[in-house]
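Please view the sequence and the structure before reading on.

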Amino acid sequence: MNFAQFDIAERAAFYLGKGFHCSQAVLHVVQDLLGEEDEAALRMMGGFGAGIGGMGSVCGALNGGVAALGLNRGKGTVEGKQDPSLFPLCAELYHRFGSEIEASHFCRDITGTDFTKPEEVKAYMNSPEKTSRCIRLVGATAALVKDMLSREDAKSSSAGVKSSSR
C-alpha cells in the first residue's frame, strides 16, 4: 500500500471541523491514506460519535480505527475471506490505544462530558482544551492504524502474501 503524504493530525482536525464525529474522522483519514473513498462506511460510523450515540461509551476514535482495520482486512463478499490478521490487529489497536494514546477507552472519561446533556455538549464544544485533546487522539489513532497496516503489508510483501482479501 502506498500511503499519501500529509499531516495526519491536520487532516483529522479538518474532518472534525467539517462536522464529522471522531469515529468518522479516523476512518476518513485512513481512507485518505489508503486512497479509498467509501461514503457509506463514513455514514455508518456516524452513530459511534460521542461514545456510541452520545452515551460516552467506547471512544469513537477507537471505533473508527477498528472500522478502518476492517475496511482493509475484513470480509466484504460472500466469496471473500477475512484476513487472519484482522482480530489480532484490532486487539493490538485496543491495547495500544489504552497504553499509548489515552488511559481510558471511554469517551466520557476522556472528554469529561456527558453528551446526553446539551449544556455539557455546549461547554465541550467551547473548550479548546477538550476539543484539541480529541483532535490529538483522532490523529494519533489514525497514525497508529496507518503504521500497523504498513507494518503488516511489509511483512506480507516479504512473505509474498497478498495484503487484502476483500
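This is a predicted model: local features need pLDDT of at least 70, side-chain atom pairs count only at pLDDT 80 or more; totals for chains, interfaces and linings use all residues.

From helix α2, the residues Cys22, Ala25, Val26, Val29, Val30, Leu33 and Leu34 meet Cys134, Val138, Thr141, Ala142, Val145, Lys146 and Leu149 of helix α8. Sorted by class, the residues of this contact between α2 and α8 are 12 nonpolar, 1 polar and 1 charged.

Two packed helices are described by the angle between their axes and the distance between the axes. Helix α2 comprises residues 22–34 and helix α8 residues 128–159; their axes come within 9 Å and cross at roughly 40 degrees. The crossing in which α2 passes α8 is right-handed.

Helix α2 also packs against helix α4, which covers residues 60–73; the angle is about 35 degrees and the axes are 7 Å apart. This crossing of α2 and α4 is right-handed. On the α2 side, Cys22, Ser23, Val26, Leu27, Val30, Gln31 and Leu34 take part, and they meet Gly60, Ala61, Gly64, Gly65, Ala67, Ala68, Leu71 and Asn72 in α4. The contact of α2 with α4 contains 9 nonpolar residues, 6 polar residues and no charged residues.

With 32 residues at 1.5 Å a residue, α8 should span 46 Å, and its end C-alpha atoms are 46 Å apart, which agrees. Just after α8 comes glycine 160, whose phi is positive, at about 75 degrees.

Is cysteine 134 buried or exposed? This residue is found in helix α8. The cut-off for a buried residue is under 20% relative accessible area; cysteine 134 has 6% relative accessibility and so counts as buried. Apart from its neighbours within four places in sequence, cysteine 134 is in contact with Leu16, Cys22, Thr111 and Tyr124. Cysteine 107 lies 27 residues from cysteine 134 along the chain, and the C-alpha atoms of the two are separated by 9.4 Å.

Most residues other than glycine have a negative phi. In alanine 50, however, phi is positive, near 55 degrees, and in isoleucine 52 phi is also positive, near 65 degrees. Alanine 50 is found in the loop between α3 (39–44) and α4, and isoleucine 52 is found in the loop between α3 and α4. Threonine 77 is found in the loop between α4 and α5 (86–101). The table lists the relative accessible area of these loop residues.

| Residue | Relative accessible area | Class |
|---|---|---|
| Alanine 50 | 21% | partly exposed |
| Isoleucine 52 | 38% | partly exposed |
| Threonine 77 | 36% | partly exposed |

How far apart are the C-alpha atoms of threonine 77 and proline 118? They are separated by 41 Å, and the two residues are 41 residues apart along the chain.

Key: Residues are numbered from 1 along each chain as its sequence is written. Side-chain values use heavy atoms; hydrogens and water are left out. Axes are lines fitted to C-alpha atoms, for helices over the stretch in contact, and angles run from 0 to 180 degrees between N-to-C directions. Helices (H or I, at least four residues) and strands (E, at least two) are DSSP runs, numbered from the N terminus. A crossing is left-handed if the near helix is turned anticlockwise from the far one by less than a right angle, and right-handed if clockwise. Contact means heavy atoms within 4.5 Å. Ala, Val, Leu, Ile, Met, Phe, Trp, Tyr, Cys and Pro count as nonpolar, Asp, Glu, Lys and Arg as charged, and the others, Gly among them, as polar. The expected span of a helix is 1.5 Å times one less than its number of residues. Buried means under 20% relative accessible area, exposed over 50%, partly exposed in between (1.4 Å probe, protein chains only).
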